[in-house]
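Dear colleague,

Please find below the structure that I am handing over to you. My notes on the findings come after it.

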Amino acid sequence: MKLVKIMGSVTSTIKDDTLKGFKLLMVQTVGTDLDHAGEYFIAADTIGLGEGELALIVTGSTAKHTETTRGKNIDAAIVAKVDKVNLEK
Amino acid sequence: MKLVKIMGSVTSTIKDDTLKGFKLLMVQTVGTDLDHAGEYFIAADTIGLGEGELALIVTGSTAKHTETTRGKNIDAAIVAKVDKVNLEK
Amino acid sequence: MKLVKIMGSVTSTIKDDTLKGFKLLMVQTVGTDLDHAGEYFIAADTIGLGEGELALIVTGSTAKHTETTRGKNIDAAIVAKVDKVNLEK
Amino acid sequence: MKLVKIMGSVTSTIKDDTLKGFKLLMVQTVGTDLDHAGEYFIAADTIGLGEGELALIVTGSTAKHTETTRGKNIDAAIVAKVDKVNLEK
Amino acid sequence: MKLVKIMGSVTSTIKDDTLKGFKLLMVQTVGTDLDHAGEYFIAADTIGLGEGELALIVTGSTAKHTETTRGKNIDAAIVAKVDKVNLEK
């Protein structure tokens, strides 16, 4: 899984039928300082998160196997809200 | 999914039989400013988009599961036209 | 597989049901000097490792096929504790 | 798919049985100028291409699904010869 | 496939049951000069190679489909020993 911060969302009218009903969030990987900006993904929200929150995403074929994304044409899905990152000092 | 801008297309006469009939678009990932040029993909168009438009692509095995790409030898497919990107100020 | 060092862990209350019960470790790829910091992953621990230890992770669909992760929505899993890296001088 | 240029080939005597009979080409991703050198792959040729030609490759599990590569232990395969790249001025 | 050089190996006592019996080699991608050091992988050896030799690896789900790795929790496997790289002058 990748640790990401929710940056925003995208709005789409014309899209694959299986994407309908999903909130599509723009997420960005973060480093150990939780601030460093890395790679972007557009991920299907399966939990109900807002901007600025930390989350875990799964990518690839795994993203099509959560309860709400099963069989959908999705390759990135949020699977957890992250409360705390515990790093050794 | 990745947020991309349509940059052009490729023309191919000799190709895998399952690719016939698809418009193959050259797409490039964009950053939060929607301008920064990132990684390139050649993606099968399943929607009918033109150059300069923003879209979402799926990559990997997911690209073989849309209604029009099922079972085709495709590893990148456009699945949505993006109307608007909403980023927190 | 990727050679990683355990850097810490993440705590999550709201998450996909299939992730419950797994310790989610923050791991970072290391170079030949075993110190150079590379890419981050959040990986499900299937062995019981602590911070600072070296491990191997599998990523992608393979991560859903270990005895404890079968069918879980996981795309990175620890599959071995590394005792020693043997590099030619 | 990725847009690549054929750079050469590799010769291998000892190899997985399912790789026998395939010409294994060294290909390199190109940028919009069709010259910029990017990432390398060794791809199974399914078309019959020569050095300097432009092609499309599929990577990952998709590469095991063309007519000639079905069930073979291949994760990169050439699926099209590219005649022309059409980029907006 | 990726063209790699064998750099060493890793020793592991505590590991996933399906990894037992495999020699786990540290391999590094090489560039056209066959010297440039790129990305690292730990790959299951299915051929019997030693340090300094050139090889091809498959990654992702393909690595679980060779005769010896079928159904094993492996995402990188050596599938060929490379005798010669033929690059256009």
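The notes below cover the conventions, the relation between the copies, and then the interfaces.

This is a predicted model, in which local features need pLDDT of at least 70 and side-chain atom pairs count only at pLDDT 80 or more, whereas totals for chains, interfaces and linings use all residues. Residues are numbered from 1 along each chain as its sequence is written, chains are lettered from A and ligands numbered from 1 in the order in which they are written, and side-chain values use heavy atoms, with hydrogens and water left out.

**Relation between the copies**

Chain A is superposed on chain C by a rotation of 72 degrees with 0.0 Å of shift along the axis, at an RMSD of 0.0 Å. The two copies are thus related as by a five-fold rotation axis. Superposition here is by least squares on the C-alpha atoms of residues with pLDDT of at least 70 in both copies. For chain C on chain E, the rotation is again 72 degrees, with 0.0 Å of shift along its axis and an RMSD of 0.0 Å. These copies use different surfaces, given that 4% of the contact residues of chain C recur in chain E. Likewise, only 4% of the interface residues of chain A are also interface residues in chain C, so the copies meet through different surfaces.

**Chain A and chain C**

Contact, meaning heavy atoms within 4.5 Å, involves 23 residues from chain A and 26 residues from chain C. The two chains bury about 2,100 Å² between them, with 52% of it on carbon and sulfur atoms. Buried area is the accessible area (1.4 Å probe) that two parts lose on being put together, summed over both. On the side of chain A, A:Met1, A:Thr62 and A:Asn86 supply 30% of the area buried against chain C, more than any other three residues.

One salt bridge is counted between chain A and chain C; the term requires a side-chain nitrogen of Lys or Arg within 4 Å of a carboxyl oxygen of Asp or Glu. This salt bridge links the side chains of A:Lys2 and C:Glu39, at 4.0 Å from N to O. Over all chains, the structure holds 19 salt bridges. A:Lys2 lies in strand E1 of chain A and C:Glu39 in strand E3 (residues 37-44) of chain C, so the pair joins two chains. Strands are DSSP runs (E, at least two residues), numbered from the N terminus.

There are also eleven residue pairs in polar contact between chain A and chain C, both residues being at pLDDT 80 or more. A polar contact is a pair of N or O atoms within 3.5 Å; within protein, one must be able to donate a hydrogen and the other to accept it, and residues adjacent in sequence count only if both atoms are side-chain atoms. On the side of chain A that touches chain C, at least two residues each come from strand E1 (2-11), strand E4 (54-59), strand E5 (76-81) and strand E6 (84-87) of chain A.

E6(A) and E1(C) run antiparallel and are joined by four bridges, where pairing needs at least two bridges found by DSSP. Within E1(C), C:Gly8 stands opposite A:Leu87.

**Chain C and chain E**

Here 24 residues of chain C are in contact with 26 residues of chain E. About 2,100 Å² is buried between these chains, 52% of it on carbon and sulfur atoms.

C:Lys2 forms a salt bridge with E:Glu39, and their closest N and O atoms are 3.9 Å apart. Eleven residue pairs are in polar contact between chain C and chain E. E6(C) pairs with strand E1 (residues 2-11) of chain E in the antiparallel sense over four bridges. C:Asn86 has E:Ser9 of E1(E) as its bridge partner.

**Chains without contact**

No contact joins chain B and chain C, and their closest C-alpha atoms lie 11 Å apart. Chain B and chain E have no contact either, with closest C-alpha atoms 11 Å apart.

With kind regards
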